Amino acid sequence: MAPVTSLASTVDQRIADALSAALPEAGSADPLLRRSDRADYQANGILALAKKLKGNPRELATQVVSALAAPGLIEEIEVSGPGFLNITVADRAIIETLAARAADDRLGVPYVERPGTTVIDYAQPNVAKEMHVGHLRSAVIGAAMVEILEFTGERVVRRHHIGDWGTQFGMLIQYLIEHPHELDHDAATRSSGADGAGADIDGETAMSNLNRLYKASRALFDSDEEFKARSRDRVVDLQAGDKETLALWQRFVDESKIYFYSVFDQLDMEIRDADIVGESGYNDMLEETCRILEESGVAVRSEGALCVFFDDVKGPDGNQVPLIVKKANGGYGYAATDLSAVRDRVGNLSATTLLYVVDARQSLHFKMVFETARRAGWLNDDVKAVHLAFGTVLGKDGKPFKTREGKTVRLVDLLDEAVERATAVVREKSEKIGLSEDEIVTNGKQVGIGAVKYADLSTSAARDYKFDLDQMVSLNGDTSVYIQYAHARIRSILRKAGDAVPAAHPELPLAPAERALGLHVDQFGEVLAEVASSYEPHKLAAYLYQLSSLFTTFYDQCHVLSDENPAELVENRLFLCDITARTLKQGLALLGIQAPERL
């Protein structure tokens, strides 16, 4: 089915046509249409136009109204103040537009006209290290942007740039050589293979093995000079591609993936093995990247290191601070890996947009990497790179989120507690609707994980936010639980409707709460387009919360299944309920949040 043009877009076009007809000398003018609390919409563009034409704005507004031809669309239009147009659309137009949306599986949301290829770099844990609360935001924000962009028609390539390379592996591999059974698993714990990650053992067990081995190897490294020397030699073997060393390195990667998959599964997030391309995936490109940069003059030698300098990046002493691509000792910096990744993603994956969902503290690094890539010609007018920077997760005290002992909070512990709290809330409400124990457990997981994701996504990514589980799982306020509950309430109404079915009746007049709900539902596609272009999923979260609030007002003011209502009114209100529920469910899905049928 063809996409549905929103009422706002239709009204905007009619006003623009009237502007051109009444004031041809104005050329193409923007009506500057927006929602208004004085009417459905207000057009403010005539004020700027009057200034340009040196005319009276109220007189010009009156001419535009006279030239407006919009039968069946606009119920009332009035000139207000110095020359605003207050516009009220017809009830019929609202229901007819929503009916067209309801007939489409995509709710009438259009695909982008010129889709490109976006490579999203997100969810980047480190091999042989436990995931903590700091890994949450990249995973949650990145996964939401994947879903949103794919829904709009963009081709999306996922990339998980895991930390799987570095000098620490010399220590770990050497210890494993000298203690060869440290990563062995009891055969009884094995089952079918994980998604490319080896034996599908318990993620906690995998992480426990890695933690134990890391602590033991670190203790030996710090206390035994001979082991330290052997570890450093092992780094050389690893970088030289020694087969035995690489095989043992791969065991650490596979063991870590088992753990990663278990955590991402708990987050209700799909991570595919083919999308995991860590730092090691670009090793073969590093020397060529450095050669290209040096031969092109983009990078220069400075004190033996290969560097890129920037006029606007200086240290406290006033001297330029370079991006170090290759160290004086021949080692490669993070910049070499990141620039090689840019080359790969543009050259081999045909990316038109590179989107990096990475901590805001890396902003200067990415600014320098992107500028270097532009100088090298890898980024240009046809290929852009965007750093979707995010802030820090804070505790209730407004300080970086830590345990009482001052340690970093383990992500699995945080998720377990969220599910536990949410399950308690679900269980308390379950008696009224008769949920089974299985439903309580399932809903508890969906509500708990949804609460964690929504708290993150409802905050502008660039801002820090306080992690407060009590607020997150509350049925009141701006929470995912409130939105999920609104959806479940609608599903309950539809189940209780009996023989009555949702059906649009454009001939019926609408109550104020019905109009407000319908107009907001109609904005779904426009909100998604804005979120996709600006990479701001918090705007979708805000839209869904407002939609839930408008439904609550509608539910309180407009009885749906009242025996006193004529059949047509019942059907029309059921229709509004149904399309609201579908919009809520689709919107939550794009944020990676489930919408339980009963809650």
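# Salt bridges, a strand and a helix

Student: Hi! Quick one to start: is Arg 234 buried or exposed?
Tutor: Arg 234 is buried, with a relative accessible area of 13%. Buried is the word here because the cut-off is under 20%. Keep in mind that this is a predicted model.

Student: Which residue does Arg 234 form a salt bridge with?
Tutor: Its partner is Asp 237, and the closest N and O atoms are 3.6 Å apart. Asp 237 counts as partly exposed, at 28% relative accessibility.

Student: How are Arg 234 and Asp 237 placed in helix 8?
Tutor: They are three residues apart in helix 8 (residues 225–240), so about one helical turn separates them.

Student: What about the salt bridge of Glu 288, which residue is in it?
Tutor: That one is with Arg 343, and the closest N and O atoms are 3.0 Å apart. This pair links distant parts of the chain: Glu 288 sits in helix 10 (residues 286–295) and Arg 343 in helix 11, 55 residues apart. Arg 343 is buried at 15% relative accessible area, while Glu 288 is partly exposed at 35%.

Student: And Arg 410, which side chain does it meet in a salt bridge?
Tutor: Asp 413, at 2.8 Å from N to O. Arg 410 is partly exposed at 26%, and Asp 413 is partly exposed too, at 36%. Elsewhere, salt bridges that share partners join Lys 396, Glu 417, Arg 421, Asp 468 and Asp 470 into one network.

Student: How many salt bridges does a search of the whole structure find?
Tutor: It finds 40.

Student: While we're on charges, where is Asp 338, and how far away is the nearest side chain of opposite charge?
Tutor: Asp 338 is in helix 11 (residues 334–347).

Student: Which residues is Asp 338 in contact with, then?
Tutor: Setting aside neighbours within four places in sequence, Asp 338 is in contact with His 161, His 365 and Val 369.

Student: Changing topic: how many residues of strand 5 are buried?
Tutor: Five of its five residues, 117–121, are buried. Side chains in a regular strand alternate between the two faces of the sheet. Here one side has Thr 117, Val 119 and Asp 121, the other has Thr 118 and Ile 120, and both faces are covered.

Student: In which sense do strand 5 and strand 6 pair?
Tutor: In the parallel sense, over five bridges, with strand 6 covering residues 155–159. Asp 121 stands opposite Arg 159 in strand 6. Together with helix 5 (residues 136–151), strands 5 and 6 make a right-handed β-α-β unit.

Student: How many bridges join strand 5 to strand 10?
Tutor: Four, and the two run parallel, with strand 10 at residues 353–359. There, Ile 120 stands opposite Leu 355.

Student: Last stop, helix 16. How many of its 17 residues are buried?
Tutor: Twelve of them are buried, including Tyr 482, His 487 and Leu 494. The buried residues pack against helix 14 (437–457), helix 15 (469–472), helix 19 (538–557) and helix 20 (567–590).

Student: What span should helix 16 have at 1.5 Å a residue?
Tutor: The 17 residues (480–496) should span 24 Å, which agrees with the end C-alpha atoms being 24 Å apart.

Student: What is phi for Gly 498?
Tutor: Phi is positive there, near 65°, and Gly 498 follows helix 16.

Definitions and conventions. Residues numbered from 1 in each chain as written. Predicted model: local features only at pLDDT ≥ 70, side-chain atom pairs only at ≥ 80, totals over all residues. Heavy atoms only, no water. Buried < 20%, exposed > 50% of the residue type's maximum accessible area, 1.4 Å probe, protein only. Pairing = 2+ DSSP bridges. Right-handed = clockwise from strand over helix to strand, strands pointing away. Contact = heavy atoms within 4.5 Å. Expected span 1.5 Å × (residues − 1). Salt bridge = Lys/Arg side-chain N within 4 Å of Asp/Glu carboxyl O.
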